[in-house]
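Please examine the sequence and the structure shown here before reading the report.

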Amino acid sequence: MPRYLSPILAAVLLAAHLPTARAEATAPARISEARINEAWISEDLAGEEMDSLAVWQRSDGPDWLIASAKQGQRLLVFDAETGARIGAHGGPGSEPGRFQRPNGIAVAGDLLFVVERDGARVQVLRLPGFEPVGQFGQEELQTPYGLWLDTRQAGAVTAYVTDSFMADFANRVLPAPQRLAERVKRYRVAERDGKLEVRYLGAFGDTGEDGALRMVESIAGDIAHDRLLIADEDRRVGSTLREYSLDGRFLGRSLPVFEGDAEGVALWACGDDGYWLAADQVDPTRFRVFERDTLAPAGEFSGERTSMTDGVALAGPSARFPHGALYALHADTAVAAFDLGEVAQRLDLAPACRP
């Protein structure tokens, strides 16, 4: 751009030439905002560096909230109704049932899937005893972070695992553009006679300017709308959620740019209605709410204390949370819970989601 242009004119010309998908990532019309008290915050566990959350719905007692602890290299278990700590499992190591920087976790039935960044694998454990069942991904994964499970097929799941390998990890130097086509790996996983049967289904990721997944971690899906939302945390181009189809095609849309990192994302289904919830990693955390069908911004809220959230999880209904709960990590050291019924009321969301 010629040096004699004024800063104002230069900004106007630059904005006029931004790609279409970038132009969509602008501030929305005014939406509802609220400050909502946490239902509870767990005890502080300094030194664990918790990252991701999953809920196991038990049939004989309160649900379990399970958190991955990257620094502790184990899994922490909490009572999902009260936040009381129940126990811990694992420890550092490469043996089955031990972990090398566990990150993304997810539950399907009584199977717990745990992604290990430094182990470059996904372990599968059986709940409630955390007995190792098997592992997969060692041949394809390089620096895996998050995962989402498609559980609609009886007897098997499709696991989507994000893989944020770099050309230079310490300096966050991205790989060559063509390598971004390997950002998400898919696996078909089934259990037969106590053993895993795993088939690698290939990788995907857009390599274009607008749809590329540069620094990827969180991922979640909506089967009814054939949609994945995948968090791109690269703030050098604007951290956001990108919309992909379940078969791995970029659908041409990215959500409004986040202030901090786009972190945990989860689908809040209220019958056929509902919303997406995503954590904007700032202090305090801004929980952004988007319409399930259109992805239009529907509101946002913060807690009284919850900050710098990584992972989130949704669950319910339960005795304590009859309209469901949002669980969110607080500053890597604790877990917070929010009553979704209160969130729906305060943000004036759809009747199907409100008490």
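The following report treats the whole chain and then one residue.

This is a predicted model, in which local features need pLDDT of at least 70, side-chain atom pairs count only at pLDDT 80 or more, and totals for chains, interfaces and linings use all residues. Residues are numbered from 1 along each chain as its sequence is written, and side-chain values use heavy atoms, without hydrogens and water.

The protein chain contains three helices and 25 strands; these are DSSP runs (helices H or I, at least four residues; strands E, at least two), numbered from the N terminus. Its radius of gyration, taken over C-alpha atoms, is 20 Å, which agrees with the value near 20 Å for a compact globule of 355 residues; that rule is 2.2 Å times the number of residues to the power 0.38.

| Property of the protein chain | Value |
|---|---|
| Span of the C-alpha trace along the principal axes | about 70 × 45 × 40 Å |
| Share of the 355 residues that count as buried | 55% |

Buried means under 20% relative accessible area, with a 1.4 Å probe and protein chains only.

Val-122 is found in strand 9, which covers residues 121-126. This residue counts as buried because its relative accessibility is 0%. Leaving aside neighbours within four places in sequence, Val-122 is in contact with Phe-113, Val-114, Val-115, Gly-134, Gln-135, Phe-136, Leu-141 and Val-161, where contact means heavy atoms within 4.5 Å. Val-122 and Ala-319 are 197 residues apart in sequence, and their C-alpha atoms lie 33 Å apart in space.

Conventions: Buried means under 20% relative accessible area, exposed over 50%, partly exposed in between (1.4 Å probe, protein chains only).
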